[in-house]
Amino acid sequence: MHDQTLTGLAAALAAGEFSSRELTEHLLARIERHDGALNSFITVTGDAALEAADRADAARALGEAGPLTGLPLALKDIFCTRGVKTSCGSKMLDNFDAPYDATVVEKLAAAGTLSLGKTNMDEFAMGSSNENSFYGAVKNPWDLGAVPGGSSGGSAAAVAAGLVPAALGTDTGGSIRQPAAFCGITGLKPTYGRVSRYGMIAYASSLDQAGPMARTAEDCAHLLGAIAGHDLRDSTSVARGVPDYTEGLDAPLSGLKIGLPKEYFGDGLSAEVESAVREAIAVYESLGATVREVSLPHTHYAIPAYYVIAPAEASSNLSRFDGVRFGHRCENPTDLIDLYKRSRGEGFGEEVKRRILIGTHTLSEGFFDAYYKQAQKVRRLIRQDFLDAFEEVDVLMGPASPTPAFDLGANKDPVSMYLQDIYTIAVNLAGIPGISVPAGFAGGRPVGLQILGTHFAEAQLLNVAHQFQQATDWHLRRPDLAEETA
Amino acid sequence: MALEHADVLRAAHLARLGLDEGEADRYLDDLGRILEMADQLQSIDTDGVAPLAHPLDATQRLRADEVTEADQRETFQRCAPAVENGLYLVPRVVE
């Protein structure tokens with residue numbers, strides 16, 4: 001059961017091969033057996049999942065099941081879930097049971113899915129390795145000595161290990177695509193505003209976007225269809241109809257124009273990753289696509305721009321964690337300022353403090369124009385690079401990350417860690433969609449091919465990714481988990 | 001723009017973030033290198049380029065000024081560290 005895709009499981013449920021309860025029990029047993037080693041979950045909600053599974057089975061018996069009814073998923077612990085701990089990977093929210101559901105959580109429940117729990121993540125989604133969680137690092141199922149990527153590393157590891165068939169993640173600078181690449185699964189970051197951010201704990205509001213992480217593009221298409229759409233409660237969500245993302249999956253790729261940004265194949269790219277990505281692109285040529293080199297000339301400035309804009313927004317967003325209304329509160333504060341300072345000093349981890357400090361500094365008097373305003377101008381140039389490229393080609397392709405998953409603890413310098421997101425960050429600054437699909441291995445660790453499209457081109461990206469998965473079997477490979485092989 | 005120890009403490013105070021001297025020292029080097037990286041932005045000519053705050057270049061949408069939510073004070077205060085008679089408790093502000 002656990003090796004099947006979401007689509008395969010839906011078909012098996014519809015055919016009566018097993019019930020949603022049986023599937024849920026099977027996956028909960030796998031979590032029990034394997035998650036001690038992986039640490040991919042912060043909270044497992046077994047009882048609630050089984051109750052939801054029973055409701056799904058009852059709905060199916062009455063002929064009321066939809067395409068996603070009874071399918072178990074997991075949610076990154078950044079999404080508010082009513083009555084369930086929503087920690088965002090932080091000591092600050094270790095005691096926080098959310099009083100309401102995020103819109104995506106409501107939508108997935110309305111579609112009949114059930115949640116097995118909340119997945120581990122870098123604290124407040126700040127990280128590229130999932131080593132910054134208050135609950136400890138997540139391990140990569142392909143190699144327990146390697147990171148799963150961040151910040152949606154718990155979701156990626158849980159899917160790769162077959163603990164859930166799919167999960168939700170969020171992507172502020174690559175946090176769906178990079179862990180998907182490191183763990184050998186498929187992860188889609190939709191266009192900014194395509195999916196409501198209501199109830200998703202904000203890191204950098206002009207960059208954050210929720211999206212699906214699953215085994216295949218087809219599964220991502222089903223999930224995106226369930227979670228996308230306008231939400232009056234999120235003023236940044238876009239009022240635009242949601243297409244059927246599964247409709248065009250089988251469209252042939254003959255005539256597809258692929259652009260390879262030359263800046264994505266330069267210094268710092270692992271030779272093995274490059275080789276896997278170029279072989280994947282050759283598959284596209286065999287499917288009738290044409291390939292040409294393009295340029296995104298401001299790529300080099302994406303990381304500096306991001307590390308001004310994102311911390312600036314974070315320093316503002318995280319000001320709500322003040323020890324007064326929810327979250328961690330220090331003992332015996334002497335006055336209000338002491339309450340604020342000690343609650344925040346005790347509740348936040350090192351990387352979060354680092355970004356709050358940078359953000360506060362760059363927004364402060366005397367530095368705003370030089371840093372924040374200049375970064376926002378550069379952001380426009382970065383976005384224009386993409387728009388110019390999409391005048392010439394349909395999609396862009398390149399690696400999702402310059403290296404495969406690195407060893408746990410290997411990357412201690414924050415600036416070096418920030419460079420891990422060199423190929424993903426510009427996408428968030430521009431607000432365009434991107435998907436990472438499994439495309440080979442380097443040193444036994446998965447490699448992700450990143451495919452980018454213009455704003456709201458998710459259907460095209462899913463079609464392009466799905467056709468690759470019809471022609472290759474990288475997405476079918478599974479890690480050997482030690483306990484199973486013993 | 002070189003960062004000094006006092007800048008770290010100033011930012012920590014503005015952010016209401018408790019840091020002791022030792023922590024501030026530890027952050028100084030990291031923050032300095034991050035700002036050095038950010039200084040690369042100064043080399044780009046952005047004359048005549050408008051800042052982009054929203055990736056779709058959209059402006060903030062306003063909704064009608066109408067009450068849409070019911071009072072949920074009790075629900076929301078259930079997760080507060082300290083409340084009394086429907087109010088959040090904080091240290092005395094006015095003597």
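Just after helix 5 of chain A, G162(A) takes a positive phi of about 75°. Helices here are DSSP runs of H or I with at least four residues, strands are runs of E with at least two, and both are numbered from the N terminus. The model is predicted, so local features need pLDDT of at least 70 and side-chain atom pairs count only at pLDDT 80 or more, while totals for chains, interfaces and linings use all residues. Residues are numbered from 1 along each chain as its sequence is written, chains are lettered from A and ligands numbered from 1 in the order in which they are written, and side-chain values use heavy atoms, with hydrogens and water left out.

Eight of its eight residues are buried, so helix 5 of chain A is largely enclosed by the rest of the structure. A residue is called buried under 20% relative accessible area, exposed over 50%, and partly exposed in between, with a 1.4 Å probe and protein chains only. The buried residues of helix 5 include G153(A), G154(A) and V159(A). The elements of chain A against which the buried residues of this helix pack are strand 1 (41-44), strand 2 (72-76), strand 3, strand 4 (166-170), helix 6 (177-183) and strand 6 (210-214).

S151(A) lies between strand 3 (114-119) and helix 5 (153-160) of chain A, in the loop. Its relative accessibility is 0%, and therefore S151(A) counts as buried. Leaving aside residues up to four places away in sequence, S151(A) touches several residues, among them K76(A), N120(A), D122(A), N130(A) and S175(A); such a contact means heavy atoms within 4.5 Å. The peptide bond that joins G150(A) and S151(A) is cis, with omega of about 0°.

N39(A) is not a glycine, yet it has a positive phi of about 60°. This residue, N39(A), is placed in the loop between helix 2 and strand 1 of chain A, and it counts as buried because its relative accessibility is 18%. C88(A), also not a glycine, has a positive phi of about 55°. The loop that holds C88(A) runs between strand 2 and helix 4 (103-110) of chain A. With a relative accessible area of 0%, C88(A) is buried.

Because its relative accessibility is 56%, E17(A) counts as exposed. Its C-alpha atom is separated by 29 Å from that of G211(A), a residue 194 residues apart from it along the chain.

Of the 486 residues of chain A, 66% count as buried. Among contacts in chain A with a separation of 6 or more, 76% are between residues 24 or more positions apart. In an unreviewed entry, UniProt lists residues 22-462 of chain A as "domain: Amidase"; positions follow the numbering used here, feature names are shortened, and annotations may be inferred rather than shown by experiment. That span, residues 22-462 of chain A, is 37% helix and 14% strand, and its end C-alpha atoms lie 30 Å apart.

Chain B presents another picture. It contains three helices and two strands, and from the N terminus on its elements run α-α-α-β-β. The radius of gyration of chain B is 22 Å, but a compact globule of 95 residues would have a value near 12 Å. The C-alpha trace of chain B spans about 55 × 45 × 25 Å along its principal axes. Of the 95 residues of chain B, 31% count as buried. Residues 24 or more positions apart supply 23% of the contacts in chain B with a separation of 6 or more.

Terms used
The radius of gyration is taken over C-alpha atoms; the globule rule is 2.2 Å times the number of residues to the power 0.38.
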